[in-house]
Amino acid sequence: MNVVPEQKTGRTRPGPGLRAALLVLPLLVFIGVTFLAPLANMLVRSVHDPVVADALPGTLEKLRDWDGRNLPDEAIYEALAGELLKSREDRTLGQVATRINRVQSGLRSALTRTARRLGNVEDGPWREAMTGIHAAWGETGTWLALREAGDRYTTRHYLNALDLQRDPGGSIVRQPEDRRIYLILFWRTLLVSLGVTTLCLLIGYPVARLIAHAPPRRAYLLLILVLVPFWTSLLVRTTSWIVLLQNQGVLNDMFVFLGVIGDDGRLAMIYNMTGTFVAMTHVLLPFMVLPLYSVMSAIPRVQTSAAESLGATAWQSFWRVYWPQTLPGVGAGCLLVFILAIGYYITPALVGGSTGQLISNMIAFHMQSSLNWSLAAALGGILLVCVAGLYVLYDRVVGIERMRLG
Amino acid sequence: MEGSRRPYVEYRKVSKSYDGKTTVVDGVDLDIRKGEFLTLLGPSGSGKTTCLMMLAGFETTTSGEILVDGRSIHNLPPRKRGIGMVFQNYALFPHMTVGANLAFPLEVRGMDRARCRERVERALQLVRLEGFEQRRPGQLSGGQQQRVAIARALVFDPELVLMDEPLGALDRRLREEMQYEIRRIHKTLGVTVVYVTHDQQEAMVMSDRIAVLRDGRVEQVADPETLYEEPQRSFVARFIGENNRLHGKVMGIEGDICEVFVGGEIIEAIRIAPCQVGDATTLSIRPERVAVSPKSGRYTNELVGVVEDITFLGDFLRLRVTVCRTSNFIIKIPNTVGHGALLAGDKILIGWTPTDCRVLDPDPEEETP
């Protein structure tokens, strides 16, 4: 019998499949830790918030049987008083107050002041004592808010993100008009993304065609011209747009110099929607050009000649022969640009001013400033669903296997 | 010239240069008759495809003009020339079905649906691809794609069809089959075909006439037999069929017969190239026109050679002989002598008549096309 060398050494090597899997393992771990886990965490956060429930378990337990119309009875006041004091000692009161305040604004001070002053109150009746400290305890709304904030699992953040809320009866209604902000932002983001995608396609298509059909040397040069901005820092590119477009910027100065506009009629091209549009289109253009270029360079030029020899006009040859063959590239480019645009954050933040802000800027605001991570997570979750929906739609209409990214 | 005799396509001193210095096509004069199958034959870089593309309208002429049916087509864009074109790699539209590919030239001409379908069906019948309308080009074999390409070039009834090395991508067996097919279609329809190839075999099999091109010039235009039997230029003799070339010097001229000094021997040959005594020349003689061991005195040219090697081809023997100080003189003789009758190293007498040996222009080039 032949002895295989491996057996001699007493070790068996892993098979090629296992070895390949081991090689990929670090990548999988990396993706898991840095991408999938935070994503899951964020999605959980958007529906799960145990802070209030953990801090005020007794109160919430008792509030469950409350009818919601009259003020709760003394036992509930007593439970809340006790738990507020404990929460103050545990230093969780701030977090609790913030969360309740999000359900009904103004309650933060009610909670913190009550907790502070309750320290001096020895004995009941607690209802009078608390109502005395803050009038909010005499309103059913306060208790309703408290009960709502106490849900461990809640759709509140999603409702909030869609400018909806629950009325006291529990049915879903729209937010009062002055508090509707997110839907408009979603719409604006969608429209801006669509607009940027369209612009990128309109600008990128001829560029890609030029590169794809140029002689090799010139094609490389043009490709590098497309890629150089791609390699430059996003911040540099965005700020250079500020230099160009601002009120005292290059473009305005030139217009004034040429007499196209008066000195007092300088165009506002930045820190508004225009700025967001221009800068985003510029930043995202390579993502359109590259897939298009890859698809176009695979189309033999002789196809156009063939169409012409068969009697087609330039337009017929383009529209019936060339364009349909570039559709996989168009699809890939549009999908890529749209998905990137819909979550775009830095550019609008820098050049968008107040009117050019998109939903991502709002998510960033809730992550960094208001610290309402649950709402940020809900907004992000909605965005994720939108993008996934688009992907599915694209797959149904065009077929994802036909997409060519380059 | 009378209208009926007038050639269908005329190249008039057509030249083409891309950079203004090197000419790709250099003063080509060429007449193509209505209904004939004319092949432009030449090695790569001879300008044959450029000639075709100028006719199709994808290249402009630098000077000279091309007339079709007596009219200059200089300012006509390709789509208005009404010329069917078969491209090297078929150039079928991969996103359309076979039926849509064929209907395309009809639709852009604004033909209605019913007539379109009828024409498409007829064209598919012509190339024997009935029932393939719904397939896509990617689902067809190379030969089938080629048939579709031909059908598409014919479906709008052009009077002139151009084919640019259409069989180059096919394997040999398929190529021979398609050669026959294209011939059949040409005979059925009677259209004028201009065909480009670098394969002399293919040109010989298919063409009514062949124009041999070299370095942008037409060397000779003739039917295949004439081209083989009576090459006017050394290049043509070398390019078409197998051929022995002997380089020498003209020593004397008497009528059509020249005496040429080649490698220590005097050979009589028929004068084709205009030459004078003292000119360098290349003699051309076909291997099958050389007789081995003839009766002494039967031929004017009789030489003694040494057999270098013998290749057995079944029906033929191919001898490589040293004669006139060249060691690659080829002789083909029918296998009537049998195996072993001749051996390498044998001294043999060979001979040929002066009319089979042609005095052509000197052709020092040794590369084979």
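1. Strands (E, at least two residues) and helices (H or I, at least four residues) are taken here as DSSP runs, numbered from the N terminus, and two strands pair if DSSP finds at least two bridges between them. This is a predicted model, in which local features need pLDDT of at least 70 and side-chain atom pairs count only at pLDDT 80 or more, while totals for chains, interfaces and linings use all residues. Residues are numbered from 1 along each chain as its sequence is written, with chains lettered from A and ligands numbered from 1 in the order in which they are written.

2. Chain B holds an open sheet of 6 strands with mixed pairing, in the order β6-β7-β8-β3-β9-β10. Its edges are β6 (83-86) and β10 (217-222) of chain B; each has a single partner strand, so one side of each is left without a neighbour in the sheet.

3. Strand β3 (residues 37-41) of chain B pairs in the parallel sense with β8 (residues 192-197) of chain B over 5 bridges, with Phe37(B) opposite Val193(B). β3(B) is also parallel to β9(B), over 4 bridges; here Leu40(B) stands opposite Ala211(B).

4. Of the 6 residues of β9 (residues 209-214) of chain B, 5 are buried, so this strand is largely enclosed by the rest of the structure. A residue counts as buried if 20 or more other C-beta atoms, placed from the backbone, lie within 10 Å of its own.

5. β9(B) and β10(B) run antiparallel, joined by 5 bridges, and Arg214(B) stands opposite Arg217(B). Their hairpin has 2 residues between the strands, and Asp215(B) takes a positive phi near 50°.

Definitions and conventions. A residue is buried if 20 or more other C-beta atoms lie within 10 Å of its own, exposed if 12 or fewer, and partly exposed in between; C-beta atoms are placed from the backbone.
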